[in-house]
Amino acid sequence: MENCTFTEADFAVFAIEGLEPRMSAIRKQIQPKFHRLGKEFAKALAAELEIKSLPVHVAQHIRRTKNPPKDTWLAIGGDSRGYKKYPHFQLGLYETHVFIWLAFIDNPLHEEKMALQIIEDPALLFKVPDDYVVSWDHTKEQVVPIHEADLLNGLIRWQTIKKGEFLIGRQISAEDPLLISPEETQRFILDTFKQLLPLYRQAYSVYEIKEIHI
């Protein structure tokens, strides 16, 4: 893979004041890494899924007109037009950490069916290691360790409430020595995604073939 990791300078981007100055730094410093890493991770995940390819989408924050983004990310999955209608993988940064998610956000297609499927057959969740975390709202930094999370009520909320969401994955602190090594960082990220592939496959099983554009 690319000799690429996230550095102190990347996390410092989120301390830059002003929308355009911060976005300029994101475009210059972080997005080139997202494009390189996204391509590599998408290739590896597509091979695991035995499909031709997975699209990579790098967040552009084009709807922002005033407040600078407090985080930025790339998404792997969906189709050529976007990713939010589908389960997808995310890799992104806040000022304090890297986040690595399998994400179900913004009312994806068949959301209720996907949630019910996991509620009725949660075995794959129980196989996830204890260092994984969950989030019920992608706009907030707060996460819950999976072994402490009220998974049933959280999944029911995701299923029944329009704004309900579900994200599961791991984080890397901005101060973690792991980030010193590009190889170890990339292995950690890819291992996280691979651990979540069974859940990704389970979610996609509710989709009709004609709806899948991967």
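This is a predicted model: local features need pLDDT of at least 70, side-chain atom pairs count only at pLDDT 80 or more; totals for chains, interfaces and linings use all residues.
## A walk through the fold and its charged contacts

Residues are numbered from 1 along each chain as its sequence is written, and side-chain values use heavy atoms, with hydrogens and water left out.

What about overall shape? A compact globule of 214 residues would have a radius of gyration near 17 Å, and the protein chain agrees, with 17 Å; the radius is taken over C-alpha atoms, and the globule rule is 2.2 Å times the number of residues to the power 0.38. The C-alpha trace spans about 45 × 35 × 35 Å along its principal axes. Of the 214 residues, 49% are buried, meaning under 20% relative accessible area, while exposed is over 50% and partly exposed is in between (1.4 Å probe, protein chains only).

Now for the charges. Searching the whole structure turns up seven salt bridges, each a side-chain nitrogen of Lys or Arg within 4 Å of a carboxyl oxygen of Asp or Glu. One of them joins Lys33 and Asp10, at 2.6 Å from N to O. Lys33 sits in helix α2 (residues 19-49) and Asp10 in helix α1 (residues 8-12), so this pair ties together parts 23 residues apart in sequence. Both Lys33 and Asp10 are buried.

Another salt bridge pairs Asp106 with Lys84, with the closest N and O atoms 3.3 Å apart. Here Asp106 belongs to the loop between β4 (97-104) and α3 (111-120) and Lys84 to the loop between β2 (72-76) and β3 (88-93), so parts 22 residues apart in sequence are tied together. Asp106 is partly exposed at 32% relative accessible area, and Lys84 is partly exposed too, at 36%.

Finally, look at Arg64, Lys70, Lys140 and Arg157, which form a positive surface patch. Patch residues have over 30% relative accessible area and no salt bridge, with like charges joined within 9 Å and nonpolar side chains (Val, Leu, Ile, Met, Phe, Trp, Tyr) within 5 Å. Arg157 is in helix α5 (residues 151-160) and, at 37% relative accessible area, is partly exposed.

Notes
Accessible areas come from the Shrake-Rupley method with a 1.4 Å probe; for residues, only the protein chains shown count as cover. Lys and Arg count as positive and Asp and Glu as negative; His and the chain ends are not counted. The place of a charge is taken as NZ of Lys, CZ of Arg, CG of Asp or CD of Glu. Helices (H or I, at least four residues) and strands (E, at least two) are DSSP runs, numbered from the N terminus.
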